Amino acid sequence: MFETSRDGFANYVGVSTDEIALTRNVSDGINIVASGFDWNPGDEVIITDEEHPSGSLPFLNLSERYGVQVKLLRFQTNTNEILKDLESLITDKTKLVFLSHVSTVDGARLPAKAVGEFLKARNIPFMLDGAHAIGQFPVSIKDLSCDFYAGCGHKWLLCQQGTGFLYVAKNWLTRLKTSWVGWGMTDQYDLDSLSYTSLETAQRFEFGTRYWATHASAVKALEFHNAIGAENIYERSHDLASKLKARLLDIPGITIKTPLHKAESTGIVAFSTAGLKHPEPGNWLWNEHRILTAHNPDTKSMRIAAAFYLLETEIHMLADKLSELAS
Ligand SMILES: Cc1ncc(COP(=O)(O)O)c(C=O)c1O
């Protein structure tokens, strides 16, 4: 089942099985890549200003340990703007560009393919964090011109926790250094001669006993997902998100933060609740109506996952309750 899940993830994102290392989560994948380069003081990494802590901490750690300089790129969906900003941040010391495919803050979608082509033309290694992309919309990694891509099963693919993958492009498999080693990642190992060689596949980035049984959930979840079809799931989720946005636009006190345009957005809908008089709309929705939202009282914002399995009536129920609160 573990190996079948490797094939499943590889097929799902359109890469070779040899290019997939199975991980516990997205954070694992990012750490494997961040620790796989030989860093020197002054080397530069570009990340966006909307990274999840798991997307920024591995690089801040490099900064602390090796004097790597982390530069922030403004996350934006406009291709010309983001390429212009990227150009201004790139120097001959840029060793890696790491960007979220989908912003964890508001679900905005990066023009990843254009960025990948731009970086490939400049020979700059590129990694994408696909935590909120995988399972939301079809992802064909080879089309994105990236060198590394970290994904997980436990979010939009509906697998169990502990199911992640890291894509390492073939031409990086033996160039990216292994930082954690152990049984399972060697091709040859001999203690008498104190020597080993690593597997030539991405399995060289795995070591020790893994969550074998957990990965059975990935096999089943991928089968379920594929039976419905990634494109259908994307369309359904987009439809639900669009309906929610249309309703939110009419509610006084609410300001939508997520882009409205399809190519720039996903099923995540984020909005400010700052204009609502109620101090705790998230708690009110849960306590009074059993609607669970990701509400941040500090930033007065709410983030909804309009996942494909929700009912339209549930989307309208949420909008109705927010309207009630606004009035
Ligand atoms: C964009 C992004 N990257 C990384 C992570 C961390 O993912 P994991 O828990 O799979 O390591 C998250 C979690 O929400 C996320 O939203």
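Select strands β10, β11, β13 and β12: in that order the 4 strands form an open antiparallel sheet. Strands here are DSSP runs of E of at least two residues, helices are runs of H or I of at least four, and both are numbered from the N terminus. Two strands count as paired if DSSP finds at least two bridges between them. The edges are β10 (255–256) and β12 (294–296); each has a single partner strand, so one side of each is left without a neighbour in the sheet. Now show β12 with β13 (residues 301–305): 3 bridges join these antiparallel strands. His295 stands opposite Met302 of β13.

The model is predicted: local features need pLDDT of at least 70, side-chain atom pairs count only at pLDDT 80 or more, and totals for chains, interfaces and linings use all residues. Residues are numbered from 1 along each chain as its sequence is written.

Next, colour the chain by domain: domain 1 is 2–227 and domain 2 is 229–326, with bounds from an automatic or database domain assignment. Their centres, taken over C-alpha atoms, are 29 Å apart. Across the boundary, 13 residues of domain 1 are in contact with 17 residues of domain 2 (contact: C-beta atoms, placed from the backbone, within 7 Å). The domain 1 side of this contact has 6 nonpolar, 5 polar and 2 charged residues. In these classes, Ala, Val, Leu, Ile, Met, Phe, Trp, Tyr, Cys and Pro are nonpolar, Asp, Glu, Lys and Arg are charged, and the others, Gly among them, are polar.

Go to Arg6, in helix α1 (residues 2–13). Arg6 is buried, with 23 other C-beta atoms within 10 Å (buried: 20 or more such atoms, placed from the backbone; exposed: 12 or fewer; partly exposed: in between). Beyond four places in sequence, Arg6 is in contact with Thr17, Ile20 and Leu22. Phe165 is 159 residues from Arg6 in sequence, yet 8.0 Å away, C-alpha to C-alpha.

Select Leu166, Tyr167 and Val168, which touch the most other members of the largest nonpolar core, of 61 residues. Such a core is a set of buried Ala, Val, Leu, Ile, Met, Phe, Trp, Tyr and Cys residues joined through C-beta atoms within 7 Å. Its largest share, 5 residues, comes from α2.

Finish at the ligand: of the 13 residues around it, Asn25, Ser27, His52, Thr104 and Ala131 come nearest (near: C-beta atom, placed from the backbone, within 6 Å). Helices α2 (26–34) and α3 (53–66) each give two or more residues to this shell.

Technical notes
Two residues are in contact if their C-beta atoms, placed from the backbone, lie within 7 Å.
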